[in-house]
Amino acid sequence: MVSDRKLVERIRRGELGAWDLLAERYYDEVFRYCWYRTGNEAAAADCTQETFLHVIRGLAGYADENKFRAWLFRIASNVCMDYFRKERVVWVGDEALEAHGAEDKGIGRVEDACLVEKALSELTQLQREVVVLKYYHGFKIREIARLLGISLPAAKARLKQGMDRLKAVMGREDG
C-alpha cells in the first residue's frame, strides 16, 4: 500500500489518480465521523464533501507529511463546527452505531450496539467526541488533543471521565 506521504507527493506533481486513491482511502471514515458529529446523513455528506474540498485547497500548504490522517480529521472537525455555526442547529446525538462503524470495531450484536449507543448518549458532547475518536477511529490521545485543539491533560481527563461514565451507565443497564 502506498503511504499517505507518497500520495501527497504524487498529487502535488499533478497525478489525479493519486488523489482518487487518497480520497477513496479516507472517504468512508470521514463520512462516519461527520455523521457522528452532525447526527444527519445529508449534513454528513455535505460536510464530507466540504472536508475534501478544504484538503484539495490546502494541500499545497500542508507540511506535516507524516500526520495526514490527523490533519484530515482536524479539517473535518472544523467543517462540522462551521456547519453548526452556519445552520444554527443543535447537536441531537448519535445515529445508529453501525453508521459510525461500531460493527466494524467488534461490537457486533445489535443489543450490545443499542446499549453502547444509549450509554454514549449520556456523555457530554466533549467526552463523547474523545471516546469516539479514540475507540471508533483509533486516534492516539495526543492526536485527539491536537485535532480538537485542547491540551493533552484535558483530552486525557475527558477520555477518563467518559469511560468512567460509560462503565457506570452500562453497569446500570446490566443490572
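The pLDDT is the predictor's confidence in each residue, on a scale from 0 to 100, and helices are DSSP runs of H or I with at least four residues, as strands are runs of E with at least two, numbered from the N terminus. This is a predicted model, in which local features need pLDDT of at least 70 and side-chain atom pairs count only at pLDDT 80 or more, while totals for chains, interfaces and linings use all residues. Residues are numbered from 1 along each chain as its sequence is written, and side-chain values use heavy atoms, with hydrogens and water left out.

**Confidence and overall make-up**

The mean pLDDT of the protein is 79, and 81% of its residues reach 70 or more. Where pLDDT is low, the predicted coordinates should not be read in detail.

The secondary structure comprises eight helices and zero strands. Of the 175 residues, 45% count as buried, which means under 20% relative accessible area, against over 50% for exposed and partly exposed in between, with a 1.4 Å probe and protein chains only. Among contacts between residues at least 6 apart in sequence, 62% join residues at least 24 apart.

**Two helix pairs**

Axes are lines fitted to C-alpha atoms, for helices over the stretch in contact, and angles run from 0 to 180 degrees between N-to-C directions.

| Pair | Angle | Axes |
|---|---|---|
| H2 and H3 | about 135° | 8 Å apart |
| H6 and H7 | roughly 130° | within 10 Å |

H2 is oblique to H3, and H6 and H7 are likewise oblique to each other; angles under 35 degrees count as roughly parallel, over 145 as roughly antiparallel, 65 to 115 as roughly perpendicular and the rest as oblique.

The contact of H2 with H3 has 15 nonpolar, four polar and one charged residues, whereas that of H6 with H7 divides into six nonpolar, no polar and two charged. In this scheme Ala, Val, Leu, Ile, Met, Phe, Trp, Tyr, Cys and Pro count as nonpolar, Asp, Glu, Lys and Arg as charged, and the others, Gly among them, as polar.

**Glu29**

Glu29 lies in helix H2 (residues 16–38) and is buried, with a relative accessible area of 15%. Not counting residues up to four places away in sequence, Glu29 touches Arg69, Phe73 and His137.

Conventions: Contact means heavy atoms within 4.5 Å.
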